[in-house]
Amino acid sequence: MPVSPLASHDDTARDDHARCGVVDLGSNSVRLVVFEGRGRNPQAIFNEKAVLGLGRGLQATGRLNEDAIGPALTVLARYHAVAHAMRATPLQVVATAAVRDATNGPAFVAAMHERMPGLAVRILTGEEEARLSADGVLLGFPGADGVLGDLGGGSLEVVRLVSGRAERAASLPIGAIRLAERAGGDVVRARAIAEAEMAKAPWLAEGGGRDLYLVGGAWRALARMHIAQTGYPLAIVHHYVLRREEARDLSSVVMAASRRVLERMPGAPQKRLGDLPFAAITMRRLLRATGAARVVFSANGLREGWYSRLLPDAVRAEDPLLAAARGLAETWGREPALPPALVAWTDPVFPDQDPVSRGLREAACWVSDIGSHDHPEYRAEQAFLRVLRQHGAGLDHHARAFLGLCAALRYEAEPGAPFLAPTRVLLDLPTIRRAETIGAALRLAYTLCGGTPELLAGTALERSGGRLVLRLSEGTGVFAGESVLRRMDQLGAVLGLEAVVEVAEG
């Protein structure tokens with residue numbers, strides 16, 4: 001039976017409007033994701049899942065769930081039609097543990113080919129599945145260091161990540177469904193099984209003091225429950241972080257809860273209630289095996305890893321934060337040449353910045369004009385929410401709040417505005433002060449240049465001793481009007497410097 005190769009990239013071209021699609025055929029669910037473009041941050045424009053339980057009963061029978069095969073073929077035919085209607089090319093089905101391990105897996109794939117001739121299907125090995133998941137995680141966490149765990153219905157894939165590289169990998173037969181079946185539904189027995197399987201990968205202990213990156217629907221469900229229960233201000237699982245003690249407490253509560261108690265927990269998904277205790281057991285055992293200091297949840301996994309292999313090397317090497325910021329500017333801004341000019345113009349205001357802080361300032365310059373097409377009364381709020389809630393693999397919650405605050409303050413938002421409440425939870429006071437400084441500098445820049453690099457070129461900022469000097473060139477269309485003087489004074493006050501305007505002949 002022919003199988004297709006995994007998607008691979010082409011270094012020669014980049015089509016920002018092309019579409020591609022991947023069907024993730026798992027033990028519990030089948031999902032189609034259609035991505036648009038070939039950018040550094042995957043943009044999913046279609047995402048549909050059907051929970052079919054194809055792998056339920058596999059532990060006892062060695063076969064795919066017969067009751068789920070017909071519905072699975074029907075769903076796959078729909079996804080095939082949707083992807084072709086959306087002109088998604090390539091389109092590939094990647095099948096994981098259930099199809100890989102079932103004795104009737106080859107017959108199921110043959111039935112797919114009979115119903116959908118020419119459909120590209122790849123049955124992944126355990127290591128291939130693990131490494132694809134690692135590729136997806138590294139799109140969002142390019143410097144990841146620690147251990148990745150990807151929990152499906154049939155298997156748990158684990159990968160050692162070292163400074164942004166995937167090293168050792170293993171596939172363990174303790175997915176949420178399979179673990180429950182192996183343990184006969186007994187939580188105590190499941191804990192022993194999970195511990196024994198993880199002992200077969202002793203290198204997991206190399207994650208001590210590092211991060212544990214968690215991928216998979218059941219673990220994302222636990223994160224959503226924690227977000228709901230704690231009143232966390234951002235309902236985005238990707239980059240959500242729990243300290244080791246918080247993750248242990250969460251897993252303990254879920255492991256011990258009855259189904260009735262789970263049903264009443266805020267954020268608990270009704271379709272996954274039976275899997276949650278076993279997902280919690282696996283998380284708890286993995287924390288113990290790795291000695292990780294933090295748990296970091298990733299919405300990126302196997303599907304994004306498949307997508308990443310379509311990217312040219314140069315695109316994959318881009319900074320995901322800056323790529324996301326540039327994407328917003330390209331969609332909502334007015335002048336693509338202005339953000340780089342703003343970075344250079346604000347450099348003298350921020351001498352001796354470390355690389356992380358400078359990168360955030362550069363990203364803030366890119367998103368500084370994304371409210372330009374909105375109603376003036378709502379520009380600040382719209383710009384803030386656009387950044388805070390955008391889809392961006394490389395944006396952690398701190399960066400979302402910081403960049404959103406910079407954009408809002410550039411549009412003269414009041415620091416105490418109700419819509420800025422998330423920043424007061426997600427950012428500490430020194431970080432808020434840095435955002436206020438960047439916002440004040442950008443506000444001055446736009447007042448001077450009207451959003452054009454040509455006018456900005458006739459101005460310059462300089463720090464000299466205890467003074468902040470704005471130099472203007474005569475005859476360039478820029479002058480020190482009341483608005484400029486006021487905003488110059490505001491920036492000087494934020495910096496604790498005397499504000500001075502000097503005009504030179506052009």
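Asp352 counts as exposed (over 50% relative accessible area, where under 20% is buried and anything in between is partly exposed, with a 1.4 Å probe and protein chains only) because its relative accessibility is 80%. This is a predicted model, in which local features need pLDDT of at least 70 and side-chain atom pairs count only at pLDDT 80 or more, while totals for chains, interfaces and linings use all residues. Residues are numbered from 1 along each chain as its sequence is written, and side-chain values use heavy atoms, with hydrogens and water left out.

**Backbone angles in loops**

- Asp352 has a positive phi of about 60° although it is not a glycine, and its place is in the loop between helix H15 (338-346) and helix H16 (355-366), where helices (H or I, at least four residues) and strands (E, at least two) are DSSP runs numbered from the N terminus.
- Arg87, which is not a glycine either, also has a positive phi of about 60°, and this residue is found in the loop between helix H2 (66-85) and strand E4.
- Arg87 counts as exposed because its relative accessibility is 67%.

**The sheet and its neighbours**

- Five strands form an open sheet in the order E3-E2-E1-E4-E5, with mixed pairing, where two strands pair if DSSP finds at least two bridges between them.
- Strand E3 (44-51) and strand E5 (120-123) stand at the edges with a single partner strand each, so one side of each has no neighbour in the sheet.
- E4 and E5 run parallel and are joined by four bridges, and Val94 stands opposite Arg122 in E5.
- Helix H2 packs on the sheet and touches strand E1 (19-25), strand E2 (29-36), E3 and E4, with contact meaning heavy atoms within 4.5 Å.
- The direction of H2 makes about 170° with that of E3, where axes are lines fitted to C-alpha atoms, for helices over the stretch in contact, and angles run from 0 to 180 degrees between N-to-C directions.
- Pro90 lies in strand E4 (residues 88-95), and the peptide bond that leads from Thr89 to Pro90 is cis, with omega near 0°.

**Helix H18**

- The 14 residues of helix H18 (residues 397-410) should span 20 Å at 1.5 Å a residue, which agrees with its end C-alpha atoms being 20 Å apart; the expected span is 1.5 Å times one less than the number of residues.
- H18 is mostly covered, since 13 of its 14 residues are buried.
- H18 is followed by Glu412, whose phi is positive, near 70°.
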